[in-house]
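Please look at the sequence and the three-dimensional model together before reading on.

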Amino acid sequence: MGFATNLLNIICYVPLLGAFAIIFLLKRDQSRAIKTVATVIAGLDFVLSLPLWFVYDPAGPAFQFTFARDWIPAVGARYHVGVDGISVLLILLTTLLGFIAVYSSFSAITHRQKEYYVFLLLLQTGMLGVFISLDFILFYVFWEVMLVPMYFLIGVWGGPRKLYAAIKFFLYTLVGSVLMLVGILALYFYNSTGLKAIGLPGLGNAPTFDVTELFKIAPQIPPNLQFWVFLAFFVGFAIKVPMFPFHTWLPDAHVEAPTAGSVILAGVLLKMGTYGFIRFSLPLLPDATRKAVPWVAALAIIGIVYGGLVAMAQKDMKKLVAYSSVSHLGFVMLGMFALNPLGLTGSVLQMINHGLSTGGLFLLVGIIYERRHTRMIADYGGLAKVMPVYAMLFMIITMSSIGLPTLNGFIGEFTILVGVFNRSTTWAVLAASGIVLGAAYMLWMYQRVFFGGITHEENKTLKDVNLREQWTLIPLIVLCFWIGLYPKPFFRILEPSINRVVQAVDPDYLNRPVAQLAAPLPTGSGQEH
Amino acid sequence: MRADLIALLPELVLATLAMVVLLAGLASSKRRHGALAAGAVLSLAATALALGVAATATDPAARLFSGMFALDHFAVFFKALFLLSSALTVLLSLDYLRRNDARPGEYYALILFATVGMMTMASGTNLATIYVGLELMALSTYVLAGYFRREVKSHEAATKYFVLGAMSSGVLLYGLSLIYGTTGTLDLAVLARTLKGGHASESTLVGVALLGCGFLFKVSAVPFHVWTPDVYEGAPTPITAFMSVGPKAAAFAMFLRVFLGGLGPLDGQWRWLVGAAAALTMVWGNIAALTQDNVKRMLAYSSIAHAGYALVGLVAGGPAGIQSVLFYMLVYTVTNLGAFGFVIMLESRGYAGETVQDYAGLARKHPLAAFGMLLFMLSLGGIPPTAGFMGKLYLFAAAVNAGYVVLVVIAVLMSAVSLYYYFRIVLQMYLRDGEDAEPATLLAAPWTERVVWACGVAVLVIGLLPAPFLAAARATVGVLGLP
């Protein structure tokens, strides 16, 4: 029972224990103590997750830090956790944003603080559980568990339409995930006893929900079954991403959620959908995935352009950022469904980038909302004069979101575009238009908020960001520059895991002679940029 | 003969003690609530002991009383479940009766008699035995539903329940007589052999259809559900809780045994009928629940919907289907009793405190009780890590395996819909604060509170570590004469 075998459990359950500590040891009015405990727990969790970055060995086995025990032997569900390069990055993103979410809430949340921090910590356990689960039932449990605290975060501490937004978020995601459950069951029975009604004999293996076992049978799953299971998974994951046309819950949830809720929602929750695709749909259902490529790509491109256009028309900053998420996640999906190493690597990297930059944007909007209690672009103007530090931080994050070279967004989008170009020139051209749109709506918003004269009397006396607010943003900005300037470690940790996914979903790709490949494998591609 | 009597020991013990409780109730003054409730719980505990003795001493495969009765794992599981649900009902009733100043005497005795009936239903391997058990249970429940004679609603509930219940019993009986007339037997094992051997006549099929309608009424499946909301709303709340778990589980026990055991060879004929009823029940139960403002009515429709889910397991059939229904009944029992326990705590005298709005702001005033209610609502909706999720998972897995994917898709979509109305309560409890008037105060009800606690813990334990409970349900493999 070494530290390494239990590391994932520790990371996952430390927030849960913290939540219990707050529930049972602290009283409702001890707001200072509650904040301290929550911050310490979230910070501790981040520190605990750092060893993953240093100890995870990209050249080692597919899943590391594994821990497996029997859980429900009657059905073959196991408690099996483990991480590969993709989940390592997402876990680090989660613990970092989790800490920032707690730390950024000190002044924004003034009522029912105890419950608030409890829910934030519970949410973190749920999200981490999703990224470490290697058993379908375990995964599903965490996937759904996480809905409940998020529902409360939106519903209790949200904006004026919080009740509507909370239940809409809850039901949308739930509908998707219950269908996913049916897909999981179909795979499970195909692996064991078969599905009698459609005359599909099973493979006769011992019943298991263990994903690593199911990976082994992926090539044998008949195309017909793959199609239906893919569809079931697609609904579940696409709603979460959210892909066009399943995105309508997102603007409501984002706009109504409190700042920390939006940060977590955009930074981590949306990634769970894309993570689901890359972890389950692609390697388990390769045939259906290849066939679905044009359809998914079309939806992704529609999402990129549509999200960008709608974002441009927004008057509310938070809504603008929300729609920009639809556009960015379209990029992630398009890169992923290029089904080549570059596209997939860019896609995962862009998940991280989007978490950093959109998380940062929501924090920034939250900072100004706390001061003026409005998010309307028209209520601002000329802020650069009264809040220079704020304006600078906002500028960096905006540039990161747009994809300016030297910042992280560029690396992600560029890698995706190279991968997509490899698959289809047309897609790449259409997707690139999304970058132009992105620059347009972001810069236009920036111009209207920060430049020009101060048109509103109230804005003249606004205080610049304080130290705590700066410290919520600085880690994000450091990471943005790091990924932008020296992304090699990120590529290195991702490469073997991505190659495994490609090997599973499109085995021919890696075997093709190099001359036929329009772009090289992402080995050492960090230096190219 | 001795072996027969040993197997019957639990029923004998409970029937005897029920009469003792009845007499004690008549003899004692009106205020001896605690003593009578204790007597009832002790009777149930003694019966549980007798059940343990009888189960170890009896061969599960034995055909007792010339094939009228069996004490197989299936029966033992259900009997244990009935004893549990009856004991919890008694505890839920204690504070309620005291508060409403009702006579406790016959009340507890009737619950015990109903339990004897349910136990007989679970053990009956002959249609006649099952029918006798059913009537004992039903008659006791009719009286219990109308126990608050002076309340118009309670009165109305009892009358409706009685008239419709009697009619459904008539339909059921007519079906029985047709089956008996055409096959010459009421013994389920013989019936299965007869039907397997030859072609079933049309009159037999009509009999099966009528029997099916009667059973669907008893489990309150659509379109035979119309009595449920009125009866559930009008009956004293602990009795509503009881009806939604005990008699319902008993009806499922009989449904499983008769349709998968005796009528198993005809499954090609009845499966579409029950499957259609399951689909309709899930859809209508959940949709109708969406618009209910009265919590008891809402939980009534929810119980209709849950009967639909359980019917999916029946349609799936086979060992996996049977086990999943058993496990689901256990899950549903602890969840629903907990939820009703909370309703009882909230209810003030009479029928106030029943609308969804009465729950506003309760989370602030009673955080722990509200958290319990949250768990029950999540469990009813099938969200992990609660028992409800494991129950549904097992149920739907059985149905997918048997190939009823369409039914499962309806079921999962409808469970998503159900979250909307379950979360209306959660929303009121947690999300509405300070907007409306002062939140309601939960009444001091120590025993009810303990039951709620116990159910809350059970919901979490079964949800996180379901293995031993599943194992108990799995012990029934092969019991109903199936492979």
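What follows is a description of a predicted model.

Chain B contains 19 helices and zero strands.

| Property of chain B | Value |
|---|---|
| Span of the C-alpha trace along its principal axes | about 70 × 55 × 40 Å |
| Residues that count as buried, of 483 | 65% |
| Share of contacts with a separation of 6 or more that join residues 24 or more positions apart | 82% |

Turning to the interface, 29 residues of chain A are in contact with 29 residues of chain B. On the side of chain A that touches chain B, the elements giving two or more residues are α5 (136–145), α6 (147–157) and α7 of chain A, and the largest share, 13 residues, comes from α7(A). By class, this side of chain A has 25 nonpolar, two polar and two charged residues.

The largest nonpolar core has 411 residues, of which A:Leu334, B:Leu112, B:Val312, B:Ala399 and B:Val408 touch the most other members. Helix α7 (residues 162–191) of chain A gives the most to this core, with 20 residues. Leaving aside residues up to four places away in sequence, B:Val408 touches A:Val182 as well as B:Val312, B:Phe396, B:Ala399 and B:Val400.

Technical notes. Residues numbered from 1 in each chain as written. Chains lettered and ligands numbered in written order. Predicted model: local features only at pLDDT ≥ 70, side-chain atom pairs only at ≥ 80, totals over all residues. Core = buried A, V, L, I, M, F, W, Y, C linked by C-beta atoms within 7 Å. Buried ≥ 20, exposed ≤ 12 C-beta atoms within 10 Å, placed from the backbone. Helix = DSSP H or I, 4+ residues; strand = E, 2+ residues; numbered from the N terminus. Contact = placed C-beta atoms within 7 Å. Nonpolar A, V, L, I, M, F, W, Y, C, P; charged D, E, K, R; others polar.
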